Amino acid sequence: MSLKLTDDIKKEIGQHFIFGFHGPTPFSGKGKDILTLTGPGYWAGNVIYMKRNVVETVSEPPVDSKHGRAEEIASHIAGLQQHARDSGQSIGLGIGTDQEGGLVSAFSTNGVATLFPGAMAMASIPNIDDLTSGDIVRKSSLEFTEAIYAAQGAELNMLGVNWAFAPVGDVNNERENPVIGVRSFGDDPERVAQHVLSSCKGLTSAGVAPSVKHFPGHGDTRVDSHLGLPRIYKEWAHNSDGSGLEDIELVPFRRLTEKRKAGTNTALGLDDNARDMITVMTGHMSLPLVTGKADEPASLSAVVTNGILRERTSGLGFDGVVVTDCLEMDAISRTKEDLGKEKRGEIVPGGIGANEGSGSVDKADKRVEWEGGPGIEEGAVLALEAGADVVMICHTFEKQRAAVERVWAAVESGRISLDVLRESTKRIAKWKKALGLEWDLYAERMGWNQNAWDQLKGKNAALSLAAYKRTAVCLKEGEMLDGRGKVVVFTPAMESYNLAVDDAEGVLRTKGGAVRNTAGASFLSFVEAIRQQVPNTRHVVFNQQDTESVYVVESDEQVIFTLRNADRGTWQLRGLERTLCSTQTKVVVVSSGTPYDLIGFQSKHSIDYAHLACSEYTKPALEAVKNIIFGEEKAVGKLPVRVTT
């Protein structure tokens, strides 16, 4: 017997979705699609803000101040909440964003929010006394992590964002991982767990919900789930060789749930309300040895979500809100039909995974060919059946509407039990109440306070500067450069890093994944900072097609040679070798992405060089490196991953 859907049931179903939109405002142009989705008819209960929504301004004339854009965004979010209330939604919207720090910091675009170090850079901060400026004294690495996430949370809270898709709980134990890398706190599961707990404490102290990701762990993969389906051939249980999921991947998530179940405690310092704020994001990787299905993503697997994550006896016993990663990633959206068309040479419209790239083959796959995902609409149904509470679809309006309608049909037919769905709705309501999103409480929020924002940004700028000064690591001792001489700076031509880091619009991306601009804004800023120190500075952007003449160094030029994930883009190492061949002066090599660049690298030339790593190619990270290169600071960071062969 089919169930007749009422508006009340549709409102309830709407709570189980989070949608993104296009443009700088939800109140004009394509942005108005989100008003349709959160308004009467669909009543979506959650919205994600992405980099594309932050980067542009809508004011005419253009806003002169970055703070003006912050006020604009806060006004838009308040307007969205009012729209949801006027549309009959029973509780406020969850407003989420990717604000991990470092390379994945949607709201730090154009300086709207403060940019802080990402996870690997943060975890590189040593446990030593810090600067004595203000209250930033004697902070350990974990204390910095908590302070940074509290600071990020405070800014997000002022803007109206109440849900951060962070921290990353993935253990980066596969150095060839194309999508996690520097987004991870390291390769030691217990140390990653400590940073995850500190991050959650910081965010919840600011009234922002963390979402620890990507359960059950994306660290040991060579495939980017934006582009295909990673498979992890591991058993759930502990293994004698320490290779089981319980030995590595699950450790940060298990430690988190242990602390949540313990309630208020001194180790984490969470009260019950903060405990209820914490959410978990499931990832799109398969666990064939656990589920028995090579092509079933964890995000759509009841064995993973209702079993490993939620089950109280053998599982982790997590009873909070579970959200999926975006279903427009290729691991879900690219169907068997799409793969067949591609094999026949037909053009298949691409979503967020529209980057052919090279990271779609995993040596661990045992030659088992991926047969494609279920598609976005069916994926939404499967995710809810598997135990997810909220389904994320970030980009395509037509797919967002169709996914809701597919879930309507599944509830009407009885495929999704309304009773089971209502248990999930209760979890969402409890979580939103912990965030103070009941309308009566939300209405008490004060309007925009520019002075408070300016004070917060000033305080956070000092914290960010202090943190970045501690993140750079010296991987190979060597002589630093003389600020009175001449310098040539080599930076690699920009290529697509991965689709979590790159802007999802794909505007500057070629068919093969290369970004069409050359140096990249952060590298240009790096060179300009060097030029301020050494006016006689030359900049060379090198690429795969360069001849040896590009790497010729003048006899009196000192060299800064910048790498960006050269363990994957090995053409950069050929450029470094050519440069070492042509110089007899001081050389400093900078790893601006993962620190694995020079593993196995042996130059044929006797020239010595220093090697620094900063774990991210952001402006403040590279400027901190510049200060070390010219002797103004020391590299005091301690790498949280192993770089031996």
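Trainee: Why are α14 and α15 called oblique to each other?

Mentor: The axes of α14 (residues 376-386) and α15 cross at roughly 50° and come within 8 Å. Axes here are lines fitted to C-alpha atoms, for helices over the stretch in contact, with angles from 0 to 180 degrees between N-to-C directions. Angles under 35 degrees count as roughly parallel, over 145 as roughly antiparallel, 65 to 115 as roughly perpendicular, and the rest as oblique. The pair α14 and α15 is therefore oblique. The helices themselves are DSSP runs of H or I with at least four residues, while strands are runs of E with at least two, numbered from the N terminus.

Trainee: What is the handedness of the crossing of α14 and α15?

Mentor: The crossing is right-handed. That label applies if the near helix is turned clockwise from the far one by less than a right angle, and left-handed applies if the turn is anticlockwise.

Trainee: Which residues of α14 and α15 meet?

Mentor: From α14 come Ile376, Glu377, Glu378, Ala380, Val381 and Leu384, and they meet Lys399, Ala402, Ala403, Arg406, Val407 and Ala410 in α15. Contact means heavy atoms within 4.5 Å. These residues divide into eight nonpolar, no polar and four charged. In that count Ala, Val, Leu, Ile, Met, Phe, Trp, Tyr, Cys and Pro are nonpolar, Asp, Glu, Lys and Arg are charged, and the others, Gly among them, are polar.

Mentor: A word on the ground rules: this is a predicted model, where local features need pLDDT of at least 70 and side-chain atom pairs count only at pLDDT 80 or more, while totals for chains, interfaces and linings use all residues. Residues are numbered from 1 along each chain as its sequence is written, and side-chain values use heavy atoms, with hydrogens and water left out.

Trainee: What makes α1 and α16 oblique to each other?

Mentor: The axes of α1 (residues 7-14) and α16 (residues 418-434) come within 10 Å and cross at roughly 55°, and that angle makes the two helices oblique. Here α1 passes α16 in a left-handed crossing. Ile9, Glu12 and Ile13 in α1 meet Leu418, Leu421, Arg422 and Thr425 in α16. The contact divides into four nonpolar, one polar and two charged residues.

Trainee: Which residues of α1 are buried?

Mentor: They are Ile9, Glu12, Ile13 and Gly14, and they pack against β1 (17-19), α15 (397-413) and α16. Buried means under 20% relative accessible area, exposed over 50%, and partly exposed in between, with a 1.4 Å probe and protein chains only.

Trainee: How do you know whether asparagine 460 is buried or exposed?

Mentor: Its relative accessibility is 3%, so asparagine 460 counts as buried. Asparagine 460 lies in α18 (residues 450-469). Beyond residues up to four places away in sequence, asparagine 460 touches Thr114, Phe116, Ala151 and Glu155.

Trainee: And alanine 151, is that buried or exposed?

Mentor: Alanine 151 has a relative accessible area of 6%, so it is buried. Alanine 151 is placed in α6 (residues 141-159). Setting aside neighbours within four places in sequence, alanine 151 is in contact with Phe116, Asn460 and Leu463.

Trainee: What is the largest nonpolar core?

Mentor: The largest nonpolar core has 119 residues, and Ile13, Tyr49 and Val407 are among those with the most contacts inside it. Such a core is a set of buried Ala, Val, Leu, Ile, Met, Phe, Trp, Tyr and Cys residues joined through side-chain atoms within 4.5 Å. A second, separate core of 30 residues includes Val182, Ala472, Phe526 and Ile560.

Trainee: Which peptide bonds are cis?

Mentor: Two examples are the bond from lysine 213 to histidine 214, with omega near 0°, and the bond from phenylalanine 215 to proline 216, with omega near 5°. Histidine 214 is in strand β7 (residues 209-215), and proline 216 is in the loop between β7 and α8 (251-262).
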